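Here is a short report on one protein model.

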Amino acid sequence: MDLFVSRENVKIKTHIDPHTGCLAPYTPQGRFLHVPPSFPSSDWDTDLGRPWWRDSTYEVGILSSKTRFIRIINTLTSQEQTLEVCSEETIGEILGRYLPYNAHAVSYTWKHCGTPVNMDLTLEENGVQDEDKDMEELRMDCDAFTASLHLYFNDDLTEL
């Protein structure tokens, strides 16, 4: 299954208009820029060029193939934070998002199941499996189990 969708293939959702019986753009909140009207109109120019949703200058990010929740547990203070992370994020990137909760997170050793993790790899690559599919298959609540990373403080004297 290809998770990447080309901008050229993106189209506006359509439906059969109940009044005209014709295929029309589905815009329940009203029309927006570059969407044709749902009825024939002589005052709408069909030569618009590239619509905004196919223009890369308006791209603000990429869509993750899957997000998941991870618990980060500081073993020194017993504080726990739950973050929603992308499956493509490395643990180093997760550390960067965890810094508002612990400004000294770089001074910690990050471990999963007692094994130090490689900060340049993703959770899956470090053996932190996403068990959502298994939980769904067993008809269990996916939120009942959240994988965790444990932080162990290093007395490295980075902050005096």
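Asn 102 counts as buried, at 9% relative accessibility. Buried means under 20% relative accessible area, exposed means over 50%, and partly exposed lies in between (1.4 Å probe, protein chains only). Asn 102 sits in the loop between helix H1 (91-98) and strand S5 (108-112). Helices (H or I, at least four residues) and strands (E, at least two) are DSSP runs, numbered from the N terminus. Leaving out residues up to four places away in sequence, Asn 102 touches Asn 74 and Tyr 108. Contact here means heavy atoms within 4.5 Å.

This is a predicted model, in which local features need pLDDT of at least 70 and side-chain atom pairs count only at pLDDT 80 or more, while totals for chains, interfaces and linings use all residues. Residues are numbered from 1 along each chain as its sequence is written, and side-chain values use heavy atoms, with hydrogens and water left out.

**Salt bridges**

The whole structure holds five salt bridges. Each one is a side-chain nitrogen of Lys or Arg within 4 Å of a carboxyl oxygen of Asp or Glu. Among them are these:

| Pair | N to O distance |
|---|---|
| Asp 132 and Lys 66 | 2.7 Å |
| Arg 68 and Glu 124 | 3.7 Å |
| Arg 97 and Glu 89 | 2.9 Å |

Take the bridge between Asp 132 and Lys 66. Asp 132 is in helix H2 (residues 132-137) and Lys 66 in the loop between S2 and strand S3 (67-74), so the pair ties together parts 66 residues apart in sequence. Lys 66 is partly exposed, at 32%. Lys 66, Asp 130 and Asp 132 are linked in a salt-bridge network.

Next comes the bridge between Arg 68 and Glu 124. Arg 68 lies in strand S3 and Glu 124 in the loop between strand S6 (115-116) and H2, so this pair joins parts 56 residues apart in sequence. Arg 68 is buried at 7%, whereas Glu 124 is partly exposed at 36%.

A pocket is an open set of points on a 1 Å grid over the protein atoms alone, where a 1.4 Å probe fits, with protein on both sides within 12 Å along at least five of seven lines; lining residues have an atom within 4 Å of a point. The second largest pocket is lined by 23 residues, with Ile 12, His 34, Val 35, Pro 36 and Trp 53 nearest its centre. Strand S2 (residues 23-25) gives the most to this lining, three residues.
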